Amino acid sequence: MYPGKLNQIIALFESLPDAEKRESLISYATAAMKQGPRDGEAFDLEDIRKDEECTDTVGVFLKVSPQRACAFRITLGSQVQTLTKAMTAILCKGLDGLTPEEIMEVPADFVPKIVGAELVRQRSQTVYYILTRMKGIARVWLNRERSAAPHGG
Amino acid sequence: MSEKSYAHPDALVTTEWVEGHLADPHVRIVESNEDILLYDTGHIQGAVHIDWRSDLQDQTIRDYITPQQFSALCERNGISNDTTVIFYGDKSNWWACYALWVFRLFGHTKVKIMDGGRDKWVAEGRHLTRAVPHFMHGHYTPLETRCDAEIRAFYDQALAQSRAGMSLIDVRSPAEFRGEVTHMPEYPQEGVLRGGHIPGAASVPWKMAVKDDSTFKGVNELRQIYEDEAGLQPGQDVVAYCRIGERSSHTWFVLTYLLGYKNVRNYDGSWTEWGNRVGAPIERG
């Protein structure tokens, strides 16, 4: 149902008691600050903006290999909530190597499995936002690919 | 303590004061945030975490916990009836003020806000720890009933306030007040069915009360905002509202403790109740 790496993360979280789940989310949130572009990296698409759906600016960077494997880098403003930071690191790891088409098909219903129902509330809905942004940039990449194809457009 | 001539200056403490009272056995420091995991990432040494949703609210009905549940919450956090509770948190102390207001619903009056909240503590480079404190259980005798009547307004009371032409303060953003948007900026998931404001309400966004570092403005500036510009007068009955009661708790704190108004109620049902309610009168623009 979910792509391989993401499925492994989901299975791990589902096996954890609540206290360890929170601890793992904190670890991922800390790791999120290291998901930005490295020196010298080049990307096919960059999308940096402050949307109304999130409390701070989020930058999404996409590189697609000749084998159509996606690699994401993401930058987060300091006001982004901790759960959103955690979801950023989880998604960068869990969706790494998928094709743009596969990215588009990732369902959002895994979020409560990772975060836990107690932590999903109206005021923390931005946990879904990062996946939306990643899908958005994958959609743009696909549209450009179609436009560039000999009979595309 | 504050030197800004507030009506109740003891209701505010500085970050320096808190740092000097970390080991004070008569003081309990409470962090309350919107960011549900922020406490887990690091907090003031000895601070306990009280969550507005899972700790203070009933988990089924939109209401608060019972006095017995409040007593149990306090006891497991090492809070007794005579403990002085210092609240701080993210978002310029929205949820700290909300938690303080809820504590007042249960008759706990030894309450204070750390001026500037979590952001100021962090900006000053003060120490945070991930160690969760464990305290001896407190001894808390609960009230028989919550003190809702004194500081909480319900729909019917807000409606009566409006019809009588009495003071209502809408602390949401100007666009929400005017009915141009049906959600708070940055929270589009929290929409309601109708936009606008309660007829007769004055627009005074909560943020007017704080400076850039999230500390409260001085009393003269506050009087200018709430009295000269919004028309409030000391001694009036005032009802404040926002969307779910957290931003209006902030304004309730300002009016009650900093300006010394004696009859301020927080309409915590706020716009998520009013804007969804069939037949509720609404003004736009």
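User: How much area is buried between chain A and chain B?
Analyst: In this predicted model, about 2,000 Å² is buried between chain A and chain B, and carbon and sulfur atoms give 51% of that area. Buried area is the accessible area (1.4 Å probe) that two parts lose on being put together, summed over both. Local features need pLDDT of at least 70, side-chain atom pairs count only at pLDDT 80 or more, and totals for chains, interfaces and linings use all residues. Residues are numbered from 1 along each chain as its sequence is written, chains are lettered from A in the order in which they are written, and side-chain values use heavy atoms, without hydrogens and water.

User: How many residues does each chain bring to the contact?
Analyst: Chain A brings 18 residues and chain B brings 26 residues; contact means heavy atoms within 4.5 Å.

User: And how many salt bridges are there between chain A and chain B?
Analyst: There are two salt bridges between chain A and chain B, each being a side-chain nitrogen of Lys or Arg within 4 Å of a carboxyl oxygen of Asp or Glu. One of them joins the side chains of Arg22(A) and Asp40(B), at 3.1 Å from N to O.

User: Which helix gives the most to the side of chain A that touches chain B?
Analyst: That is α2(A), with four residues. Both α2 (18-32) and α3 (82-94) of chain A supply at least two residues each. Helices are DSSP runs (H or I, at least four residues), and strands are E runs of at least two, numbered from the N terminus.

User: Changing topic: what volume does the largest pocket have?
Analyst: The largest pocket holds about 1,100 Å³ of space, a volume being the space filled by probe spheres set on grid points joined across faces, edges and corners. A pocket is an open set of points on a 1 Å grid over the protein atoms alone, where a 1.4 Å probe fits, with protein on both sides within 12 Å along at least five of seven lines; lining residues have an atom within 4 Å of a point.

User: What lies nearest its centre?
Analyst: Of the 41 lining residues, Gln79(A), Asp90(B), Lys91(B), Ser92(B) and Asp119(B) lie nearest the centre of the largest pocket.
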